[in-house]
Amino acid sequence: MTAMTSTTRHCCAFVAAAVLTLTFTLIMAPATAQPAAAQTARAGAAAAAVSHEVLTLLTPDGVQLPAVLATPAGGLNPNAPAVVLIPDGPGVSPLAAANPAGFLADALAARGYGTLNLETRLTASYAFSRFDESVTDIAAAVDALSKRGVSAVVLAGQGLGALQAARYMVETGDARVRAMILVAPSPDLADDWRAKVGDEKYWQTVDSASRSINEGGRSFVDLGDGLIFTPATFLDWYGPTAKTSLTANLASIEDPILILAGAQDAATPAARLAALKSIAFLSRGVETISYAGAARGLAPVADRVAADTAGWLARVGLAPEPAVSTELITVTTGDGTALTGVLYAPRGAVAKSKPAFVIVHGWTSDVMRSTSHWLA
């Protein structure tokens, strides 16, 4: 957040016996300053317009999560929606600028959004973590933004992160989340692995994992391609009652949804995009975009992905609002009474042709709360 600056001015005033809130816009201003944080520079065209803050989030169950907060150079604007980006996994860092979660973080921040690139616990400890534990992790990210004054959040999941984002919405129905973006979403994990290995091996593995749990065994389940799970986590992620199905979870989500994928991405062919769109029938609007010639990473079309994402956010009413600066002002009335008010103004140039509003609070209120604050 931007710190509130204090300037005292003494002058004659024509309004007596009231504390004034002066404003040039109808946008709520940040109320408190945040502590200074280490800033890191990222290479790229948007680097000059974006600041980065490395955070460690602590979940209620004591897990520390690394995250990177990207903001416009002027700081986080709580009037604008913020985007929580959940990278693909396992093993994908929020610092990986070549991945969609990485390049979207900077591109959206350069356009006025705050973005929080989150590494959930599934990135490093998927073999020992239940899939739904990522719900706790995403909640920690949304809570962190709420504490900084952000009231509208968009979840943007890439790959496995898309499955986590959808699961979060189904489990929590978090009203702070206003929309969801799915970038190159992973297939439904249980159905996909079952199709790869066949029914016989699938059910043999399920039975073996179930017996190991019942007998207290310490074996692991090797799915190939470096994916090794404990029996309990295998059943949680890939068993017949697994909750890692994007298809199943989308059917319960009402928020607007954007689905982006490369046309050459085998996991999200055109038929998959169409199926996902039809399944999300409760959503207030689903849009899909397929990028010709692009595969799963989408790096060759990064600029188009960023522009399309920003355009869609604007269409669903989530364009960033202008940032606001605040200034404490003390005036002296004609009879010598000193009054203090707050001047709210657009950060940057002020259009002098536009009118200024004088907001006078009610008997039991003041300039720091209720209508006089949020309306200003």
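Biologist: How many helices and strands does the chain have?

Modeller: The model is a predicted one, and its secondary structure comes to eleven helices and 16 strands. Of the 376 residues in the chain, 48% are buried.

Biologist: And what share of the contacts join residues at least 24 apart?

Modeller: Taking contacts between residues at least 6 apart in sequence, 74% of them join residues at least 24 apart.

Biologist: Let's go to the helices. How many residues of α1 are buried?

Modeller: Helix α1 is mostly covered, with ten of its eleven residues buried. The buried set is Pro-100, Ala-101, Gly-102, Phe-103, Leu-104, Ala-105, Asp-106, Ala-107, Leu-108 and Ala-109.

Biologist: Which residue with a positive phi follows α1?

Modeller: That is Gly-112, which has a phi near 110°. A glycine with a positive phi also comes just after α3, where Gly-149 takes a value of about 95°.

Biologist: Since you mention α3, how far does that helix reach from its first C-alpha to its last?

Modeller: Helix α3, residues 133-147, has 15 residues and reaches 22 Å, close to the 21 Å expected at 1.5 Å a residue. Its buried residues are Glu-133, Ser-134, Val-135, Asp-137, Ile-138, Ala-140, Ala-141, Val-142, Ala-144 and Leu-145.

Biologist: Changing topic: how much space lies in the largest pocket?

Modeller: The largest pocket holds about 500 Å³ of space. It is lined by 22 residues, and those that lie nearest its centre are Leu-189, Asp-192, Lys-196, Leu-227 and Tyr-238.

Biologist: Which element gives the most to that pocket's lining?

Modeller: Helix α5 gives the most, with four residues. At least two lining residues come from each of α5 (189-197), β10 (221-224), β11 (227-229) and α7 (231-238).

Biologist: How do the pocket's lining residues divide by class?

Modeller: The lining of the largest pocket has 13 nonpolar, three polar and six charged residues.

Biologist: Which elements each supply at least two residues of the cavity lining?

Modeller: They are β6 (82-86), α1 (100-110) and β8 (153-158). Among the α1 residues there, Pro-100, Ala-101 and Leu-104 line the cavity, and these three are also among the buried residues of that helix.

Biologist: On to single residues. Where is Ala-162 placed, and what does it contact outside its sequence neighbours?

Modeller: Ala-162 lies in helix α4, residues 160-172, and it counts as buried because its relative accessible area is 0%, with the cut-off for buried at under 20%. Leaving aside neighbours within four places in sequence, Ala-162 is in contact with Gly-157, Leu-182, Pro-185 and Leu-246. Its C-alpha is 8.9 Å from that of Met-180, which is 18 residues apart from Ala-162 along the chain.

Biologist: Is Leu-260 buried or exposed?

Modeller: Leu-260, found in strand β12, residues 257-262, counts as buried at 0% relative accessibility. Beyond its neighbours within four places, Leu-260 is in contact with residues including Ile-181, Leu-182, Val-183, Ala-184 and Pro-185, as well as Ile-289 and Tyr-291. Glu-287 is 27 residues apart from Leu-260 in sequence, and their C-alpha atoms are 8.6 Å apart in space.

Biologist: What about Arg-272: why does that residue count as buried?

Modeller: Arg-272 counts as buried because its relative accessibility is 15%, and buried means under 20%. This arginine is in helix α9, residues 270-279, and its side chain makes a polar contact with the side chain of Thr-247 at 3.3 Å. Besides Thr-247, Arg-272 is in contact with residues including Ser-186, Pro-187, Asp-188, Leu-246 and Ala-267.

Biologist: And Arg-218, buried or exposed?

Modeller: Arg-218 counts as exposed because its relative accessibility is 79%, and exposed means over 50%. The residue sits in the loop between α6 (199-214) and β10. Arg-218 and Thr-230 are twelve residues apart in sequence, with 7.8 Å between their C-alpha atoms.

Key
Residues numbered from 1 in each chain as written. Predicted model: local features only at pLDDT ≥ 70, side-chain atom pairs only at ≥ 80, totals over all residues. Heavy atoms only, no water. Expected span 1.5 Å × (residues − 1). Buried < 20%, exposed > 50% of the residue type's maximum accessible area, 1.4 Å probe, protein only. 1 Å grid on protein atoms, 1.4 Å probe; cavity = no way out; pocket = protein on both sides within 12 Å on 5 of 7 lines; lining within 4 Å. Points joined across faces, edges and corners; volume = space filled by probe spheres on them. Nonpolar A, V, L, I, M, F, W, Y, C, P; charged D, E, K, R; others polar. Polar contact = N/O pair within 3.5 Å; in protein donor to acceptor, adjacent residues only side chain to side chain. Contact = heavy atoms within 4.5 Å.
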